[in-house]
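Please look through the sequence and the 3D model shown below before reading on. The report after it is written for a reader who is new to protein structure.

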Amino acid sequence: MPEPAVAPEARSLPAESPSRSRLDLALLAGALALGGFATWQLRQPWAVAERPSWLWWLLGAAALLGGAALARMERWLPDAAPLPRPARTGSPGRRLLGTLLLA
């Protein structure tokens, strides 16, 4: 006899240590700060005139760091999507009525 399927919410995941989740949050905050700084500097008149490439590299590094932080956080954040619940099959009378109304 096959084993019954275990619902995803019933599976036990390894507990994340608080220091690891703090590190992930710190990485994300650092990426936001770095990206905010690079964006702010890119909007300054001196940067518009000179077009420094190092600010664009800084902005790209912030984007990659933010993506890495989000990928790490995906392991311990709960899933936002609710689990699907299939609809019950309607009674024969309701199915006939629905078919007649569609026709």
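## About the model

This is a predicted model, in which local features need pLDDT of at least 70 and side-chain atom pairs count only at pLDDT 80 or more, while totals for chains, interfaces and linings use all residues. Residues are numbered from 1 along each chain as its sequence is written, and side-chain values use heavy atoms, with hydrogens and water left out.

## Two helices side by side

Two packed helices are described by the angle between their axes and the distance between the axes. Helix H1 covers residues 18-42 and helix H3 covers residues 53-73, and their axes come within 8 Å and cross at roughly 155°. Helices here are DSSP runs of H or I with at least four residues, numbered from the N terminus, and axes are lines fitted to C-alpha atoms over the stretch in contact, with angles from 0 to 180 degrees between N-to-C directions.

H1 and H3 are therefore roughly antiparallel to each other, a term used for angles over 145 degrees. The residues of the contact of H1 with H3 divide into 18 nonpolar, 5 polar and 3 charged, where Ala, Val, Leu, Ile, Met, Phe, Trp, Tyr, Cys and Pro count as nonpolar, Asp, Glu, Lys and Arg as charged, and the others, Gly among them, as polar.

## A salt bridge between the helices

A search of the whole structure finds 1 salt bridge, meaning a side-chain nitrogen of Lys or Arg within 4 Å of a carboxyl oxygen of Asp or Glu. The partners are the side chains of aspartate 24 and arginine 72, at 2.5 Å from N to O. Because aspartate 24 lies in helix H1 and arginine 72 in helix H3, the pair ties together parts that are 48 residues apart in sequence.

Aspartate 24 is buried, with a relative accessible area of 0%, whereas arginine 72 is partly exposed at 23% (buried means under 20%, exposed over 50%, and partly exposed in between, with a 1.4 Å probe and protein chains only).

## An aromatic pair

Phenylalanine 37 and tryptophan 40 form a tilted aromatic pair, with 6.1 Å from centre to centre and 55° between the planes. Rings of Phe, Tyr and Trp (its six-membered ring) pair if their centres lie within 6.5 Å, and planes under 30 degrees apart count as stacked, over 60 as edge-to-face and the rest as tilted. Because phenylalanine 37 and tryptophan 40 are 3 residues apart in helix H1, about one helical turn separates them.

## A loop residue

Arginine 51 is found in the loop between helix H2 (45-50) and H3. Its phi is near 50°, a positive value in a residue other than glycine, and arginine 51 is exposed at 63% relative accessibility.

Conventions. Helix = DSSP H or I, 4+ residues; strand = E, 2+ residues; numbered from the N terminus. Parallel < 35°, antiparallel > 145°, perpendicular 65-115°, else oblique.
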